[in-house]
Amino acid sequence: MDAKTTAPRAEVLRDRYRDRLPGRLQELTGPVEGTVDLPLHIAWSGRTSYSLDRPKSRMTLYRTVLAEGLREDLVAFLHPRLLAEQWPLLRRLVSPYVREVWEEAFPELPRTALDGATTS
């Protein structure tokens, strides 16, 4: 791919993710414990049920919702505290477009692990 093909596609992807963002992290109202069952428009391939009590499952849930969810899905399935706690690792697991858009919109998301916070 050359720059003419890559640049427009990158901006289209950034715009797609930017349009889905909540206005602020506090709008996220997702659960902090229990099991979450994602609808097929988000988890269209494979697993649809995730345990928030299991770190790897929770990380996979957040990664999936960030990549595939619509604005209302982000609000319904993500929680601001869990997102912030997981962000230092999660930011390396999502696409660069998702990462750039979220970090630009929410500079309060930590780039490194918070003191006392764990993702395990």
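Ser51 is in contact (heavy atoms within 4.5 Å) with Gly34, Thr35, Ser57 and Arg58, if you skip its neighbours within four places in sequence. This is a predicted model, where local features need pLDDT of at least 70, side-chain atom pairs count only at pLDDT 80 or more, and totals for chains, interfaces and linings use all residues. Residues are numbered from 1 along each chain as its sequence is written, and side-chain values use heavy atoms, with hydrogens and water left out.

**Ser51 and its strand**
- You'll find Ser51 in strand 2 (residues 49-51); strands are DSSP runs of E, at least two residues, and helices are runs of H or I, at least four, both numbered from the N terminus.
- Ser51 counts as buried because its relative accessibility is 17%, and buried means under 20% relative accessible area (1.4 Å probe, protein chains only).

**Helix 4 meets helix 5**
- Two packed helices are described by the angle between their axes and the distance between the axes.
- Helix 4 (residues 80-93) and helix 5 (residues 96-105) pack at about 140°, with axes 10 Å apart; axes are lines fitted to C-alpha atoms over the stretch in contact, and angles run from 0 to 180 degrees between N-to-C directions.
- From helix 4, Leu83, Trp87, Arg91 and Arg92 meet Arg99, Trp102 and Glu103 of helix 5.

**Val94 in the loop**
- Val94 sits in the loop between helix 4 and helix 5, and Val94 is buried, with a relative accessible area of 9%.
- Not counting residues up to four places away in sequence, Val94 touches Arg63, Leu66 and Arg99.
- Val94 and Leu66 are 28 residues apart along the chain, with their C-alpha atoms separated by 7.7 Å.

Definitions and conventions
Buried means under 20% relative accessible area, exposed over 50%, partly exposed in between (1.4 Å probe, protein chains only).
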